[in-house]
Amino acid sequence: MSERHPIVAITGSSGAGTTSVTRTFENIFRRECLKAAIVEGDSFHRYDRAEMRLRQAEAEKGGNKHFSHFGPSNNLFPELEALFRAYAETGRGRSRKYLHDPVEAAPYRQEPGTFTPWEDMGEGTDLLFYEGLHGAVVTEEVNIARYPDLLIGVVPVINLEWIQKLWRDKHVRGYSAEAVTDTILRRMPDYVHYICPQFAHTHVNFQRVPMVDTSNPFIARDIPAASESMVVIRFANPKGIDFPYLLSMINDSFMSRANTVVVPGGKMEIAMQLIFTPFVWRLMERRKRALGNA
């Protein structure tokens, strides 16, 4: 953690819905006139799209049926930890971009599925903002979870997570249901060992729970709507959270435990605004004091 150079990180698996949380923070940063150094977790994958396919094919020929983007062998965990450490200490670091599609790739005149060159980043920014798979990873070699000042987990119930991934990969990326199912199965060991444990380190977790039948996610035609869901919000340390205020501002919300608020799915964004805006205020006030005392 760093007073002068704070880090906010959102962690969640593919299809979890971290992008919607990112949009909320972008709105907060814009409203508060803050400049954030944005880092996407995909940029710390080890292989680009073409090489990943080759490596996967080789792994399968060798009998490895669980070669995935979720584990340490296919990610640059030491480099990600080095970025967090460097930014916390100096407000700078090195990163790159992963170009997902032709629209992202066009300005760089590169192929989709490739990385831009590594470059220095962060100078003149107020904070670092990370969104990706591994913002809270802890292994024998790295402890990335110790660096973020605000660490948020986004983890829908598993069937909903699979429905969201199936829908996105089929309708946006053009994959077949069979290909997506194969990906889910291949990733499962790494999901259990490297994704799930992260949510024990987060400061706040958001878990969307559908109020409709999702018992067979592989035949679902649509993603359950926000209005068909509830969102469970768990605070690791509820001290300082104004629960009566949250409950008064969000209709039909309630507390299920002493550190947990449940809100209607359609109110998730307003809940995030109410929760995270004061967090950001405190980070910026702490930063201002630290820089003033330098």
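Strand β1 runs parallel to strand β8 (residues 150-154), and four bridges join the two; strands are DSSP runs of E with at least two residues, helices are runs of H or I with at least four, and both are numbered from the N terminus. Two strands count as paired if DSSP finds at least two bridges between them. The model is predicted, so local features need pLDDT of at least 70 and side-chain atom pairs count only at pLDDT 80 or more, while totals for chains, interfaces and linings use all residues. Residues are numbered from 1 along each chain as its sequence is written, and side-chain values use heavy atoms, with hydrogens and water left out.

Within this pairing, T11 stands opposite G153 of β8. β1 also pairs with strand β7 (residues 127-132), again in the parallel sense, over five bridges, and here V8 stands opposite F129. β1 itself spans residues 7-11, and five of its five residues are buried, where buried means under 20% relative accessible area, exposed over 50% and partly exposed in between (1.4 Å probe, protein chains only). In a regular strand the side chains alternate between the two faces of the sheet. In β1, I7, A9 and T11 point one way, while V8 and I10 point the other.

Turning to charged contacts, the whole structure holds eleven salt bridges, each defined as a side-chain nitrogen of Lys or Arg within 4 Å of a carboxyl oxygen of Asp or Glu. One of them joins D126 and R287, with the closest N and O atoms 3.4 Å apart. D126 lies in the loop between β6 and β7 and R287 in helix α8 (residues 268-292), so this pair ties together parts that are 161 residues apart in sequence. Both D126 and R287 are buried. Another salt bridge links R94 to D120 at 3.2 Å; R94 sits in strand β3 and D120 in strand β6, 26 residues apart. Here R94 is partly exposed at 44% relative accessible area, whereas D120 is exposed at 63%.

A search for disulfides (cysteine sulfur atoms within 2.5 Å) finds zero in the whole structure. C33 is exposed, with a relative accessible area of 69%, and C196 is partly exposed at 36%.

Finally, I223, in the loop between β9 (204-210) and β10 (229-235), is partly exposed at 30% relative accessibility.
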